[in-house]
Amino acid sequence: MTTTSQSWTLTPGTMSLADLRAVWSGPAALTLADSAWPAIESSAAAVRAIVARGDAAYGINTGFGILAKTRIPDQQLEQLQRNLILSHSVGTGALLDDAVVRLVVLMKIGSLARGFSGVRPLIVETLIALYNAGIMPAIPAKGSVGASGDLAPLAHMTLAMLGVGQVRVAGRLTDAAAALAAAGIAPVVLAAKEGLALINGTQVSTALALHGLFMAERLLEAAIVAGALSLDAAKGSDAPFDARVHAVRGQPGQIATAAVYRQLVAGSAIRASHLVGDERVQDPYSLRCQPQVMGAVLDIIGNAARTLLIEANAVTDNPLIFADTGEIISGGNFHAEPVAFAADTLALAIAEIGALAERRIALLIDATLSGLPPFLVREPGVNSGFMIAHVTAAALASENKSLAHPASVDSLPTSANQEDHVSMATFAARRLDDMAHNTAVIVAIELLAAAQGIDFHRPLASSPQLEHVHAELRRQVPFFDADRFFAPDIEAAKQMVLRGTLSAACKDLFSALYR
């Protein structure tokens with residue numbers, strides 16, 4: 001995908017993670033590369049030829065699922081496709097956020113435009129028009145098992161093209177037909193194969209997993225910054241970050257994150273103050289083993305990213321049309337097992353980021369371990385300080401442990417046992433948002449605790465990098481001098497974590513992690 005200012009030109013099959021992050025972050029006008037249209041038209045022509053010959057072909061002139069043996073007369077093919085969308089629009093729950101829906105629509109455009117799905121150019125043009133008009137289909141989050149495609153949520157996406165149901169425009173729900181009329185977009189009448197091509201596919205599961213991936217990246221960066229700040233607040237040692245330690249093990253994520261930690265703490269006057277005469281021989285694992293844990297997190301985030309990028313560019317509907325030979329082949333690319341596995345590993349990463357951060361909060365508030373005032377507040381006793389903030393962090397870390405249970409090991413057969421093994425990828429990916437918000441709160445509390453510890457070491461300063469982070473945080477949240485209504489402080493720090501504000505101060509350090 002090539003970019004100019006606020007516009008995108010999509011060449012099917014070539015999207016990068018940077019492209020997907022940009023679409024997730026905000027809307028931009030989309031066009032399809034001229035080179036893509038001939039393949040779309042050839043695929044649609046192949047479907048027309050199959051209908052004209054009268055050959056039985058699944059999803060073109062037959063029923064669906066267990067009803068695949070039912071032949072549908074030609075005069076009912078359009079009704080077949082419309083009925084498919086209406087009957088499959090059975091989702092429930094909260095609506096997907098616009099950021100996720102943008103990814104869904106973009107990936108569906110990219111998949112159909114590969115030219116293996118048998119849809120007319122009109123279908124792709126209509127999706128592009130919806131995307132560019134900011135008309136976001138109202139897609140309920142629940143109702144897919146991640147096999148035979150994300151049938152229910154993608155049916156809700158397709159409703160918008162028909163002018164049925166509701167859509168969201170500029171954050172507000174409105175009638176789909178009215179929104180299309182206001183944008184000058186004609187509702188489509190689906191031809192043979194088109195409804196099935198639109199609702200078969202893994203785009204919803206993949207969009208939710210990409211959302212979790214991008215959240216995990218921000219959490220990783222913020223947690224590395226918070227961990228480095230905690231190291232200085234607890235007067236820990238940077239010796240365990242020595243490059244030689246990590247080189248002899250050879251784990252790439254560990255080596256890369258250790259380098260970031262070294263740069264974050266370099267030049268700290270607090271560290272220099274206890275280089276000599278410190279009676280402690282070793283720090284607790286939550287300080288000393290940060291590269292080992294966060295490096296492993298980085299590695300599994302990278303593995304998930306590779307899988308999800310392939311899936312984002314993939315053709316995952318069924319059956320597939322091979323226009324060069326005129327063949328139509330029923331396969332199973334709609335089975336989202338790769339996405340489910342990727343989402344499950346991202347859940348592990350997000351949970352472990354929070355688990356390690358929670359342990360550092362516990363360390364900092366414990367005067368016997370950190371050497372700081374109990375619960376990081378003056379006059380402990382009359383003030384409770386960070387006591388219950390840590391309880392919140394512990395509660396969320398524990399909740400994430402339950403949420404991290406793999407979804408992909410579960411399966412319930414559907415469609416009268418025709419679809420007898422499913423991936424549960426949609427839930428696997430959907431729960432990542434809850435987990436990410438939990439971990440963002442934990443990291444936020446650690447950042448506040450670590451900044452408090454740094455303040456108690458004044459006039460000594462931390463490293464230049466960490467002092468910049470400290471200053472950014474203090475612009476939002478002042479020093480905790482006595483007990484006050486604490487929830488707004490935690491929320492402010494959480495938003496800094498989610499937006500990448502704190503890690504942005506050290507962005508040059510983190511860019512090396514994603515090479």
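Visitor: At what angle do helix α17 and helix α18 pack, and how far apart are their axes?

Guide: This is a predicted model. In it, α17 (residues 387-403) and α18 (residues 425-456) pack at about 155°. Their axes are 9 Å apart.

Visitor: Why is α17 called roughly antiparallel to α18?

Guide: Angles over 145 degrees count as roughly antiparallel. The angle here is about 155°, so α17 is roughly antiparallel to α18. The crossing of α17 past α18 is left-handed.

Visitor: Which residues make the contact?

Guide: From α17 come Ala389, Thr392, Ala393, Leu396, Ala397, Glu399, Asn400 and Leu403. From α18 come Arg431, Asp434, Met435, Asn438, Thr439, Val441, Ile442 and Ile445. By class, the contact of α17 with α18 holds 9 nonpolar, 4 polar and 3 charged residues.

Visitor: On to the rings. How many aromatic pairs are there?

Guide: The count is 7.

Visitor: What makes Trp24 and Phe214 a pair, and why is the pair called tilted?

Guide: Rings pair if their centres lie within 6.5 Å. The centres of Trp24 and Phe214 are 5.2 Å apart. Planes under 30 degrees apart count as stacked, over 60 as edge-to-face, and the rest as tilted. These planes stand at 50°, so the pair is tilted.

Visitor: Where in the chain do the two residues of this pair lie?

Guide: Trp24 is in helix α1 (residues 17-25) and Phe214 is in helix α9 (residues 203-233). They are 190 residues apart, and the pair links distant parts of the chain. Both Trp24 and Phe214 are buried.

Visitor: What are the values for Phe480 and Phe486, and why is that pair tilted?

Guide: Their ring centres are 4.7 Å apart. Their planes are at 50°, so this pair is tilted. Phe480 and Phe486 also form one aromatic cluster with Phe386.

Visitor: Are Phe480 and Phe486 buried or exposed?

Guide: Buried means under 20% relative accessible area. Phe480 has 3%, so Phe480 is buried. Phe486 has 12%, so Phe486 counts as buried too.

Visitor: Why does Arg288 count as partly exposed?

Guide: Buried is under 20%, exposed is over 50%, and partly exposed is in between. Arg288 has 21% relative accessibility, so Arg288 counts as partly exposed.

Visitor: Where does Arg288 lie, and what does Arg288 touch?

Guide: Arg288 lies in helix α13 (residues 285-288). Leaving out residues up to four places away in sequence, Arg288 touches Pro240, Phe241, Gln282 and Asp283. Ala239 is 49 residues from Arg288 in sequence, with 8.7 Å between their C-alpha atoms.

Definitions and conventions:
Residues are numbered from 1 along each chain as its sequence is written. This is a predicted model: local features need pLDDT of at least 70, side-chain atom pairs count only at pLDDT 80 or more; totals for chains, interfaces and linings use all residues. Side-chain values use heavy atoms; hydrogens and water are left out. Axes are lines fitted to C-alpha atoms, for helices over the stretch in contact, and angles run from 0 to 180 degrees between N-to-C directions. Helices (H or I, at least four residues) and strands (E, at least two) are DSSP runs, numbered from the N terminus. Angles under 35 degrees count as roughly parallel, over 145 as roughly antiparallel, 65 to 115 as roughly perpendicular and the rest as oblique. A crossing is left-handed if the near helix is turned anticlockwise from the far one by less than a right angle, and right-handed if clockwise. Contact means heavy atoms within 4.5 Å. Ala, Val, Leu, Ile, Met, Phe, Trp, Tyr, Cys and Pro count as nonpolar, Asp, Glu, Lys and Arg as charged, and the others, Gly among them, as polar. Rings of Phe, Tyr and Trp (its six-membered ring) pair if their centres lie within 6.5 Å; planes under 30 degrees apart count as stacked, over 60 as edge-to-face and the rest as tilted. Buried means under 20% relative accessible area, exposed over 50%, partly exposed in between (1.4 Å probe, protein chains only).
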